[in-house]
Amino acid sequence: MGRVDDDGTVSVREGDQWRVVGQYPDGTAEEALAYYERKFSDLASEVSLLEVRHRRGGASAADLRATASTLSGKIAGASAVGDLAALSARVEALTASLTEASAAEAAQAREAVDAAIAERTRLVEQAEAIATRDPKTVQWKTASAEISSLFDQWQSHQQNGPHLPKSVSQSLWKRFRDARATVDKHRREFYAELDEAHKAVRERKNRLVERAEALAPRGEDGIGAYRDLLNEWKSAGRAGKKVDDALWARFKAAGDALYSARAGREAAEVEASKEKIDAKRELLEQARPILDMQDLPAARSALTAIQRSWDEIGRVFPREQERALDDELRKIEVSVRSREDAEWTRNNPETTARANDMTRQLYDAIEKLEAELAEATARKDQRAIKQATDALEARRAWLRAVEG
């Protein structure tokens, strides 16, 4: 709603009143109105844009509210022709909506701050829990990684999280910083003590290495002493992986030299035993026919001669070969001894007497049972017949066993 006076004065109607908005003396009335209507359109576009930004979300309601307040001031008394009252009403409605949104944002911001305080408090408490552990039981590689991870989380939260009240932020940071410093202090003290312990173990193991290397001239005879040193090594403790590996390499090399001497001796013994092994195998071939000899005294005499020759040959190597050969000869010895034991048992007067007495008892028992069986048969007593028959068969079996 606008008008243009003859002198180019342009007015806009507001309610029942007209308000002068400017002059346009160098153009027609239509041009004058069009100029001030464009100014109104510009204001309306700003209002529409603000409404769209509010509907779409993403922008801060507080910031939009400040923009709405500025825009409201521009509309009041604006040098423009149009329905300024309606435009002002839109801004007022938008401002009311933004006021509610600002309150919601403020509440969310407070919740975000509370959550951020809780999160940083959690980080502080975790750091303090690490700081209060017994330094002697802490796995420092793991603990260092944990405290570094907590510090990274703290920095990320500080950079990307909401701004906390200064007093709260400083208080939490002081606790976190102190816990972190305590962990660092305990770690340094632990490794300092560990270095001292490693130093003592290193010196002890160095001495063990020197003693092991000094056994070299003794060769195989030094193996027993080396084993004693090995037991000391096992109980000496740790000197750090690199140092332990280097010292162990020297210690093991000293032992390998001693065991190599024994291996050389054993190899020489094996080589020297080849002829002995062949000789014992030949004796075994001579001994095997003894198993079939019926003349037991002759078998014993032949075996005794072979045993003497066997002992004269002496020990052979490797030991597994010696045991195998001894086992073969022992089988023949056991066979001869078993035959001798059986022969002695058969010819033992006491055993013979016992056998004769048993034989007489069995004959008497059989004769008695045969009479009982005849009587039972005559009576046709089946039960008595069975009992007598079973008992008779058992006695006859015993008799066969005794008489051979």
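Strand β1 is joined by three bridges to strand β2 (residues 9-14), and the two run antiparallel; helices (H or I, at least four residues) and strands (E, at least two) are DSSP runs numbered from the N terminus, and two strands pair if DSSP finds at least two bridges between them. This is a predicted model, in which local features need pLDDT of at least 70 and side-chain atom pairs count only at pLDDT 80 or more, while totals for chains, interfaces and linings use all residues. Residues are numbered from 1 along each chain as its sequence is written, and side-chain values use heavy atoms, with hydrogens and water left out.

## Sheet order and the helix across it

Taken together, three strands form an open sheet in the order β1-β2-β3, with antiparallel pairing. Because β1 (2-4) and β3 (17-23) stand at the edges with a single partner strand each, one side of each is left without a neighbour in the sheet. From one strand to the next the twist averages 30°.

Helix α1 (residues 29-56) lies across β1, β2 and β3 and runs at about 140° to β1; axes are lines fitted to C-alpha atoms, for helices over the stretch in contact, and angles run from 0 to 180 degrees between N-to-C directions.

## Packing of α2 and α3

The axes of helix α2 (residues 61-75) and helix α3 (residues 84-131) come within 9 Å and cross at roughly 160°. The two helices are therefore roughly antiparallel to each other, since angles under 35 degrees count as roughly parallel, over 145 as roughly antiparallel, 65 to 115 as roughly perpendicular and the rest as oblique.

Contact here means heavy atoms within 4.5 Å. Residues of α2 including Leu 64, Ala 68, Leu 71 and Ile 75 meet a set in α3 that includes Leu 84, Leu 87, Val 91 and Leu 98.

## Two individual positions

Ser 169 lies in helix α5 (residues 166-213) and counts as buried because its relative accessibility is 17%, where buried means under 20% relative accessible area, exposed over 50% and partly exposed in between (1.4 Å probe, protein chains only). Not counting residues up to four places away in sequence, Ser 169 touches Arg 120 and Leu 164.

Asp 390, by contrast, is placed in helix α11 (residues 382-403) and is partly exposed, with a relative accessible area of 38%. Asp 390 and Leu 369 are 21 residues apart in sequence and 9.8 Å apart in space, C-alpha to C-alpha.
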